[in-house]
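Reader: I have a model open and want to learn how to read it. Where do we begin?

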Amino acid sequence: MKNPLDSLGQTIALGVALTVVMVILIHVIAGV
Amino acid sequence: MEFSDPHWWNLCFRWLHIASGVMWIGHLWYFNFTQSPTMPKIPMELRPAIGKFILPEALFWFRWGAMATIVTGLILAWLRGVIGPALSLGVGAHSLQVTGLGFGMWLGIIMWFNVWFIIWPCQKKVMGITEATDDEKKRAARIGALASRTNTLLSIPMLYGMAMSVYGL
């Protein structure tokens, strides 16, 4: 299987997905 | 505003942090958005111009930009009195700004580690600054490229976390 990091587009998509997960986590931790 | 005024130092380090951050992430994105996709299209006889002249210079500003960003960022967080709460991800602080900043700081610290302890040692092998066999050079080029892509991926949530420290969204 090809490494997604070999594709710039997939790297950016993963970065955006990670951002969404992070924002949800931040809201859970901050509790607001 | 006098030099002893903490707001002056806050302003000073905030500006230095943003400027060195642009220097660092600007070069990271240059490597990933411009240089590496273009390299295969460059005729063989022209490639040494990138490898021997542009790459070493770009790597210098890239790695020292990373160092300056981390140092000024930690000083700035200390001046703002949020270094402890942010590094503990704002647990108990009930603040989107502090938790957002904490995530941004940890991602930035991971990326700084990647630059100095993975990407730069790999590039030194590739460029012949440290001795390596052809196989080791090939392996170092692959690891360095993946670490650079990882940092590009992490730069997206990192910048979002930093912006959250101001806007809380």
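Author: Begin with one residue and its partners. This is a predicted model. Take Ala86(B). Leaving aside neighbours within four places in sequence, Ala86(B) is in contact with Ala77(B), Val98(B), Leu101(B), Gly102(B) and Met105(B).

Reader: Let me step back to the chain. How many helices and strands does chain B have?

Author: Chain B has 5 helices and 0 strands. Read along the sequence, the pattern is α-α-α-α-α. The C-alpha trace of chain B spans about 55 × 35 × 30 Å along its principal axes.

Reader: How do I read burial for a whole chain?

Author: Take the share of residues that count as buried. For chain B, that is 35% of 169 residues. Then look at sequence separation. Take the contacts in chain B with a separation of 6 or more: residues 24 or more positions apart account for 70% of them.

Reader: Now helix pairs. At what angle do H4(B) and H5(B) pack?

Author: Read the angle and the axis distance together. H4(B) and H5(B) pack at about 165 degrees, with axes 8 Å apart. The angle makes H4(B) roughly antiparallel to H5(B), because angles over 145 degrees count that way. The crossing of H4(B) and H5(B) is left-handed.

Reader: What classes of residue make the contact of H4(B) with H5(B)?

Author: That contact has 19 nonpolar, 13 polar and 3 charged residues.

Reader: How do the axes of H1(B) and H2(B) cross?

Author: Helix H2 of chain B covers residues 47-79. The axes of H1(B) and H2(B) come within 7 Å and cross at roughly 150 degrees. The crossing of H1(B) and H2(B) is left-handed. By class, their contact has 17 nonpolar, 10 polar and 1 charged residues.

Reader: Why is Gln35(B) called partly exposed?

Author: Count neighbours. Gln35(B) has 17 other C-beta atoms within 10 Å, so it is partly exposed. Buried takes 20 or more, and exposed takes 12 or fewer.

Reader: Where are Leu89(B) and His94(B) placed?

Author: Leu89(B) is in the loop between helix H3 (83-87) and H4 of chain B. His94(B) is in the loop between H3 and H4 of chain B too.

Reader: Is Leu89(B) buried or exposed, and is His94(B) buried or exposed?

Author: Count again. Leu89(B) has 20 C-beta neighbours inside 10 Å, so Leu89(B) counts as buried. His94(B) has 12 inside 10 Å, so His94(B) counts as exposed.

Reader: Next, the contact of the two chains. How many residues does each chain give?

Author: The size of an interface is often given as the accessible area lost when the parts come together. Here we count residues. Chain B gives 22 and chain A gives 14.

Reader: Which helices of chain B each supply at least two residues to the side that touches chain A?

Author: Helix H1 (6-38), helix H4 (96-126) and helix H5 (134-167) do. H5(B) gives the largest share, 10 residues. By class, the side of chain B that touches chain A has 12 nonpolar, 9 polar and 1 charged residues.

Reader: Show me one residue from chain A. Which residues does Met22(A) touch?

Author: Met22(A) sits in helix H1 of chain A. Not counting residues up to four places away in sequence, Met22(A) touches Phe103(B), Pro157(B) and Gly161(B). Met22(A) is buried, with 21 other C-beta atoms within 10 Å.

Definitions and conventions: Residues are numbered from 1 along each chain as its sequence is written. Chains are lettered from A and ligands numbered from 1 in the order in which they are written. This is a predicted model: local features need pLDDT of at least 70, side-chain atom pairs count only at pLDDT 80 or more; totals for chains, interfaces and linings use all residues. Two residues are in contact if their C-beta atoms, placed from the backbone, lie within 7 Å. Helices (H or I, at least four residues) and strands (E, at least two) are DSSP runs, numbered from the N terminus. Ala, Val, Leu, Ile, Met, Phe, Trp, Tyr, Cys and Pro count as nonpolar, Asp, Glu, Lys and Arg as charged, and the others, Gly among them, as polar. Axes are lines fitted to C-alpha atoms, for helices over the stretch in contact, and angles run from 0 to 180 degrees between N-to-C directions. Angles under 35 degrees count as roughly parallel, over 145 as roughly antiparallel, 65 to 115 as roughly perpendicular and the rest as oblique. A crossing is left-handed if the near helix is turned anticlockwise from the far one by less than a right angle, and right-handed if clockwise.
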